[in-house]
Number of protein chains: 2
Amino acid sequence: MAEDQPLFFRKHVFCCTNSRPPGHPRGSCAEKGSEKLRNYMKARAKELGLGDVRINAAGCLDRCELGPSMVIYPEGIWYGYRSTADIDEILATHIIGGGRVERLLMPPEQTKAKGKE
Amino acid sequence: MAEDQPLFFRKHVFCCTNSRPPGHPRGSCAEKGSEKLRNYMKARAKELGLGDVRINAAGCLDRCELGPSMVIYPEGIWYGYRSTADIDEILATHIIGGGRVERLLMPPEQTKAKGKE
């Protein structure tokens, strides 16, 4: 097999913006404000000149209980975030700095919801 | 920095299901049937028992002209696909077999649309 192409985006961020009806047992990222926070992150990334980074909307990422959910590829790091301050820290520490925002990392043991979308 | 957690999904597939108004100069993946094809891929992955793979819906991936667009992480491989036969081949060759479907790979040089969403 030939070598793969270079990554099209240096960092590809997916923010769940899935919405469920009120009262759904799993809740949803949208009802926790994920759309607004994703829009903020996209705008901030642009202001910061991060042209090789894409802040994408996504459907259900299946980790709703820990959301709003975000996964950053190619490294596959998952964050739960609540505020624009959280977003700023992810941009500064992870996207620009190459580190991890330890306090926002999703715990690896949360797997029981898989397949129950 | 501590070592990262293992990947939550062995393969995380994002299919653009973004819709734009008819006549938009960039078109959209939805108008090319991406929602139906993504639903097919999700159902087939389940039938194939691929429990460690997620077939996700996504907003605009910014490669509309080559779409319907799909990107598979963590490897960051992009495909343009048109039919359920294309999906079957991606599942068999890439997701299960670990190879690449060369005929469906997006060309790396398509970058001019970046930032024009």
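Reply: The questions and answers below go through the contact between the chains first and then some single residues. This is a predicted model, in which local features need pLDDT of at least 70 and side-chain atom pairs count only at pLDDT 80 or more, while totals for chains, interfaces and linings use all residues. Residues are numbered from 1 along each chain as its sequence is written, chains are lettered from A and ligands numbered from 1 in the order in which they are written, and side-chain values use heavy atoms, with hydrogens and water left out.

Me: How much area is buried between chain B and chain A?
Reply: The size of an interface is often given as the accessible area lost when the parts come together. Here contact means heavy atoms within 4.5 Å, and the contact takes 36 residues from chain B and 36 residues from chain A. Buried area is what two parts lose in accessible area (1.4 Å probe) on being put together, summed over both. Carbon and sulfur atoms give 54% of this area, which for chain B and chain A is about 3000 Å².

Me: Why do the copies meet through the same surface, and how are they related?
Reply: Of the interface residues of chain B, 100% are also interface residues in chain A, so the copies meet through the same surface. Superposing by least squares on the C-alpha atoms of residues with pLDDT of at least 70 in both copies, a rotation of 180° with 0.0 Å of shift along its axis places chain B on chain A, with an RMSD of 0.0 Å. The two copies are thus related as by a two-fold rotation axis.

Me: Which residue of chain B comes closest to the rotation axis?
Reply: The distance to the axis is taken from the C-alpha atom, and it is 2.0 Å for the residue in question. Of the residues of chain B, the one that comes closest is B:Ala58.

Me: Which residue of chain B forms a salt bridge with A:Asp4?
Reply: A salt bridge is a side-chain nitrogen of Lys or Arg within 4 Å of a carboxyl oxygen of Asp or Glu, and the count between chain B and chain A is four. For A:Asp4 the N to O distance to its partner B:Arg100 is 2.8 Å.

Me: Is B:Asn56 buried or exposed?
Reply: B:Asn56 lies in strand 2 of chain B, and, leaving aside its neighbours within four places in sequence, its contacts include A:Ala58, A:Gly59 and B:Phe14. Residues are sorted by relative accessible area (buried under 20%, exposed over 50%, partly exposed in between; 1.4 Å probe, protein chains only). With a relative accessible area of 0%, B:Asn56 is buried.

Notes. Helices (H or I, at least four residues) and strands (E, at least two) are DSSP runs, numbered from the N terminus.
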